[in-house]
Amino acid sequence: MFSSKVLLSIVLLALSIVDASPLRREAAPTLSFNARVNARANNVNIAAADRARAQAMQHAGTTNKRASSSSFSITDAGVSYTTQVGVGSPATQYTLLIDTGSSNTWVGARTPYKLTSTSVNTGHIVAVEYGSGRFSGEEYLDTITLSSDLVITQQSIGSAWMAEGFRDVDGILGVGPTDPTQGTVSGVDSVPTVTETSTARVSLAPKCLGAGELTFGGFDNSKTTSSVNYVPLTTTLPSSASWGIDQSITYGSSTILSSTAGIVDTGTTLILIATNAFDKYQSATGATLDSSTGLLTITSEQYASLQTLNFNIGGTSYGLTPNGQIWPRSLNTDIGGSSNSIYLVVGDIGSNSGAGLDFINGYSFLSVFK
């Protein structure tokens, strides 16, 4: 299911460059990461966790709060991405969660932040809540080493004096846009993010479930099998506060979701769609809801009749074949399921279309994107 030649289109989006200064480089550098399934270890129902995250993001928009200050979870994600990041000079290595749904970068959940000659205390307090996890601490400006050819100086970074809900990681590498940092650091409206200070574009390419690459400033064409398409960010709230796009979805030849706004998000495991679209998809596939996993399940006969699920983005249609619509059967027990069952990766976002966040293209979409 997980092709080695795929490009995650999540962040092929134009960003503005700000004052923090990445070192110049000739080619787009890459940062290796690992992907792991957390559901069994964290005793998490991935459908419920994804839906709670989506609903918190929707609530953030309706209450005029930014997503990162609201109660959505990255620590409970069914699939998480971690990478090694150096902070300071000489650099201390930290294992950080990569999250496109939040934007603050911080360390100290496990390994304490180590002061070096490049560390500058701004005197500001930083605090972010992630639903099941949160942290607070001091803001520093410091040197961030993402790879040998991508070193960012004077990058805003949080040094946690309190962190809750983070297992086996030191903090978060936030690669969302600037907006989610609003209200998280005292004395300033927002802070420059790693994504902005490092590049104008970011792309992710998983090689398999266990490993992948995060590329800054471009993409690795050896990981693609077709041309790369660029689409504008949506202007619809609350999707516009994250990596939001407009798309429509068809199942076979039938439209199940008309053109609307949503986001692409590594912190979401499934593909979530508006309730009215989900109901149409469930009816068309004949799937039933499995109480153990919270996922739709189908028989072998129904799988044989599955049609392509098409995501129409920026005038181009991206089709998920039947195989792309099912959870990897080798990982069924990792999400509390039966090894012999067939589970679909399309879930209910929890509200009808028109909420401003009507879909989330999560890990299951990004992993098979062609």
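Biologist: Where does Phe 278 sit?

Modeller: Phe 278 is in helix 4, residues 275-285. Helices (H or I, at least four residues) and strands (E, at least two) are DSSP runs, numbered from the N terminus. This is a predicted model: local features need pLDDT of at least 70, side-chain atom pairs pLDDT 80 or more, while totals for chains, interfaces and linings use all residues. Residues count from 1 along each chain as its sequence is written, and side-chain values use heavy atoms, without hydrogens and water.

Biologist: Is Phe 278 buried or exposed?

Modeller: Phe 278 counts as buried because its relative accessibility is 7%. Buried means under 20% relative accessible area, exposed over 50%, partly exposed in between (1.4 Å probe, protein chains only).

Biologist: What does Phe 278 contact, sequence neighbours aside?

Modeller: Beyond four places in sequence, Phe 278 touches Ile 273, Leu 296, Val 346, Gly 347 and Asp 348. Contact means heavy atoms within 4.5 Å.

Biologist: Which residues of helix 4 are buried?

Modeller: Thr 275, Ala 277, Phe 278, Tyr 281 and Thr 285. They lie on the same side of helix 4, because their arc around the axis is only 155 degrees. That arc is taken from the directions from the helix axis to the C-beta atoms.

Biologist: New topic. How many bridges join strand 7 to strand 8?

Modeller: 12, and the strands run antiparallel. Pairing requires at least two DSSP bridges between two strands. Arg 134 stands opposite Glu 164 in strand 8.
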